[in-house]
Amino acid sequence: MSAVDIDARIPNNVGLVDDRRLQRALESWQPKFIEWWKELGPVAFQGNDVYLRTAVDVGQEGWANFGHVKMPEYRWGIFLADPEPDRTIAFGDHQGDAAWQEVPGEYRSDLRRLLVVQGDTEPASVEQQRALCLTAPSVYDLRNLFQVNVEEGRHLWAMVYLLHRYFGRDGRDEADEMLERHSGDVDHPRILGAFNEPTPDWLSFFFFTYFTDRDGKFQLASLRESAFDPLSRTCDFMLKEEAHHMFVGATGIGRVVQRTVELMKEHDTADVAEHGGVDVAMLQRYLNFHFSVSLDLFGAETSTNAANYFAAGLKGRFQEERRDDDHRLRDVTRDVPTVADGAITTREATALAALNETLRDDYVVDCQKGVDRWNRTLAEVGLELRLPHGGFNRAVGTFRDHHIAPDGRLVDDATWSAGHGSWLPTAADRAHVESLMVGVTEPGRMAGWVAPPATGIHAKPVDYDYVRI
Ligand SMILES: [Fe+2]
Ligand SMILES: [Fe+2]
């Protein structure tokens, strides 16, 4: 284990100073990253002081410090969680063997692919969100956006370190390509489809951080189980930061819901749009959209790749070690959804092939928790939000060729076309939400469509100057 070198050009706890070649390679990638940040990071406020959390250590206490910093001067570093002594592989065909400190030749290309796909999403989300700083509903929210953005930048650093350190020339090329693909670029798009759509407004941002960052949580949690120990330790630390991103989403939607309820009571109507709010039906349509596109990120119900990754020990299940089974799954089966004879039903699959579905199931359970919290507020006006059926609006897997209503009915084309506008955000919804987007730059003030947060960041008051404007 290496000590934290916080004053190095690249802050790190991976002993960069002892590996000059690697250090030089990463130091030559660093200016390209900064250039990318300035060009495709937030479109404004790059010269303003922002109250940001910076990772400085990996200990149980005090792993980060808080202070005002200009974003291009943010200290992006490389941090791996402390190693677990004598760690063994918890699952798959190599179960019980010592965890790998180097990449086994036979898994090199699979591991590289996993790192590249995960790494690509990190800068992609920064690119998707780059215009949101112009319309933040408060200075507090503006700061949270930037916190998410700089940490996604650090997550890119995390994957780029592994590529440089363990994958030689190929890894360095992949690291360069991370900055050459861009969200929505026709010629060089980001790898996953969902990461090529801009995040157009703050309501979408809150739903994105709730649902899509949560996909990130589950991907990182299953990579944390990896037999490749440096990957496991990297993901472990990334998950600490990721928790705040989902907090931004969960509390963001919670505050919109709260404001909607206030407006409903104040004006005695469910139609709060004309009073500058977002009505519950519209919230439901946004929720339906973001939940369904996030479900697609887990892949098809059955997958040979997923089975191979597990058997090889590259990617485990969510909380692998807490599961009460043999962790090899050679003789286990489970049901996965399918559509047959005009009905939604199930078919049997091997548990190994169905690992995407298993991770998706765990994800849905986690998603429901926030919905339950929002519904406690909505109960005051007798309404609720619901996660739509898993088959709704899917573009990946067994449901992609079928129309499923949010309530789980398999419907024909005509019913789908008729229902579409009440199930997914319409052009009118988007226009209304856009009309609510105003940049609020006075500390403590909130845009009219969202309630203030219960508390500020890091024990600061809500009206603190989180961004000095
Ligand atoms: Fe991330
Ligand atoms: Fe995130």
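Begin by selecting strand S1 (residues 49-55) and strand S2 (residues 64-70), which pair in the antiparallel sense over 7 bridges; strands here are DSSP runs of E with at least two residues, helices are runs of H or I with at least four residues, both numbered from the N terminus, and two strands pair if DSSP finds at least two bridges between them. This is a predicted model, in which local features need pLDDT of at least 70 and side-chain atom pairs count only at pLDDT 80 or more, while totals for chains, interfaces and linings use all residues. Residues are numbered from 1 along each chain as its sequence is written, and side-chain values use heavy atoms, with hydrogens and water left out.

Now pick Arg53, whose bridge partner in S2 is Phe66. Of the 7 residues of S1, 6 are buried, where buried means under 20% relative accessible area, with a 1.4 Å probe and protein chains only.

Next, select Phe291 and Tyr363, whose ring centres lie 6.5 Å apart with planes at 10°, so the pair is stacked (rings of Phe, Tyr and Trp, the last by its six-membered ring, pair if their centres lie within 6.5 Å, and planes under 30 degrees apart count as stacked). Because Phe291 lies in helix H7 (residues 280-296) and Tyr363 in helix H9 (residues 355-378), the pair ties together parts that are 72 residues apart in sequence. Both Phe291 and Tyr363 are buried.

Note on methods:
Chains lettered and ligands numbered in written order. Phe/Tyr/Trp six-rings, centres within 6.5 Å; stacked < 30°, edge-to-face > 60°. Buried < 20%, exposed > 50% of the residue type's maximum accessible area, 1.4 Å probe, protein only.
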